[in-house]
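Please read the following report alongside the sequence and the coordinates.

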Amino acid sequence: MSRMPLSRLSRLKVTMTVGLCVGLGGMHAARAQYVGQVSTIVLDARTGAVLSQQDPDLRRYPASLTKLMTLYLTFKAVRTGQVTLDQDMPVSVHAASMEPSKLGLRPGSTLTVEQAVLALVTKSANDAACALGEFLGGGDETRFAAMMTREAGRLGMYDTVFRNASGLPNPEQMTSARDLAVLARHLIVDYGEYYHYFAVPGFYFHGHEVPNHDPMLGAYPGADGLKTGYTGEAGHNLVTSAVRDNVRLIGVVMGAKSNSRRNATMTALLDSSFQAEGVAPVARPAMRPLLLARAGGGTVVARHGSTHNVRLASARLNPVQPDEVAEAPTIPAGYARIRRGHGTVAHIHPTAVRAHVHLVGMGHVAHATHTHAKARS
């Protein structure tokens, strides 16, 4: 029997290895994390132009930045009338079993779509994300993850594969800084009427305060969202959008060694990019609308000070688990006073919600009040 030459055997092994990796949806690439190597990118939200980048196409683990796609598909489902914000969702045993960060949802309980959205943008709750994924995926989180991956392809996120709705570790779940910048831009442009959720500083449920983990809110001038993320394998990740003088930027930092380095990197990138766009530095944080939630049914709008709206949305859950990310800004004292009934509260029609949002769209600037009906949105 003739023996295969070593050179031909080596080429065959390489071919089989490459084919296996491609067939497994890029699993090898997903495991090739770049420890200590940070990936960054900054986009102009209006034009999509890249203003700054460093290794933005390295495939990395998204961690809780995964929830940006979960939210994108949620907003899409609300917009098209497939679900409503006040619709109850069941909590399965699988969803309740998710690792922290979590709300501590109990199997057999329910939460509304809006409560899940609030839980994702504040506490980055994995149990709420899973429940939302199961609900939108027809009872199957894996099916929803496939929907997420298809949507990523449609948006041009070609380095992205999703395997769950939360971002909990999975060796096949991967993305890149560039892809996340694309996703953040689509969230802002495609579903601007829901973008105000990302500015929520915290919400109450079951009498407990659930603060927002995003350290850029209230600390960086003009910052009004989007999301933090961390796992040991992924490092410290952050996607931020900020707007000044009708210029909106989107920044992504992935793989930082600590929260402080991640935040400092994002601050420096946004500062230099605003300067490149001709925007003068700002001495103090710009005021922004605040979206909060409280226990009990119904939506309430309250005025904080003389010019700034605070929106309160319902919440009935019970958070007791540790936070995923270190930063946890406290809810402003002004809201605590409103929560206890010492502020001026004006009730509005229960099927309509108004939020003051500053957006920069595709080719235009809009600074307007967006209205959406909760019944259909």
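The report below starts with the confidence of the model and then turns to its parts.

This is a predicted model in which local features need pLDDT of at least 70 and side-chain atom pairs count only at pLDDT 80 or more, while totals for chains, interfaces and linings use all residues. Residues are numbered from 1 along each chain as its sequence is written, and side-chain values use heavy atoms, with hydrogens and water left out.

**Confidence and overall make-up**

The pLDDT (the predictor's confidence in each residue, from 0 to 100) averages 75 over the chain, and 67% of the residues score at least 70. Over residues 6-30 the pLDDT is below 50, and this stretch has 19 contacts in the model beyond near neighbours in sequence, a contact being heavy atoms within 4.5 Å. Residues 285-377 also stay under 50 in pLDDT, and for them the model has 257 contacts beyond four places in sequence. Where pLDDT is low, the predicted coordinates should not be read in detail.

The chain has 10 helices and 15 strands, which are DSSP runs numbered from the N terminus (helices H or I, at least four residues; strands E, at least two). Of its 377 residues, 53% are buried, where buried means under 20% relative accessible area with a 1.4 Å probe, protein chains only. Among contacts between residues at least 6 apart in sequence, 66% join residues at least 24 apart.

Strand S9, residues 247-256, is mostly covered, with 10 of its 10 residues buried.

**Helices H6 and H7**

Helix H6, residues 126-136, is mostly covered as well, since 10 of its 11 residues are buried, among them Asn126, Asp127, Cys130 and Glu134. The cover over the buried residues of H6 includes helix H3 (67-79), strand S3 (88-90), helix H4 (93-96), strand S4 (110-112), H5 and helix H7 (141-155). After H6 comes glycine 138, whose phi is positive, near 65°.

Within helix H7 lies alanine 145, which counts as buried because its relative accessibility is 2%. Leaving aside residues up to four places away in sequence, alanine 145 touches Phe162, Arg163 and Asn164. Alanine 145 and serine 166 are 21 residues apart in sequence and 9.6 Å apart in space, C-alpha to C-alpha.

**The second largest cavity**

The structure holds two cavities of 30 Å³ or more. On a 1 Å grid over the protein atoms alone, a cavity is a set of points where a 1.4 Å probe fits but cannot get out, and lining residues have an atom within 4 Å of a point. The second largest cavity holds about 30 Å³ of space, and Val121, Thr122, Asn212, His213, Asp214, Leu226, Lys227 and Thr228 line this cavity. Helix H5 (113-122) and strand S7 (223-231) each supply at least two residues of that lining, and S7 gives the most, with three residues. By class, the lining residues divide into two nonpolar, four polar and two charged.

Key: 1 Å grid on protein atoms, 1.4 Å probe; cavity = no way out; pocket = protein on both sides within 12 Å on 5 of 7 lines; lining within 4 Å. Points joined across faces, edges and corners; volume = space filled by probe spheres on them. Nonpolar A, V, L, I, M, F, W, Y, C, P; charged D, E, K, R; others polar. Buried < 20%, exposed > 50% of the residue type's maximum accessible area, 1.4 Å probe, protein only.
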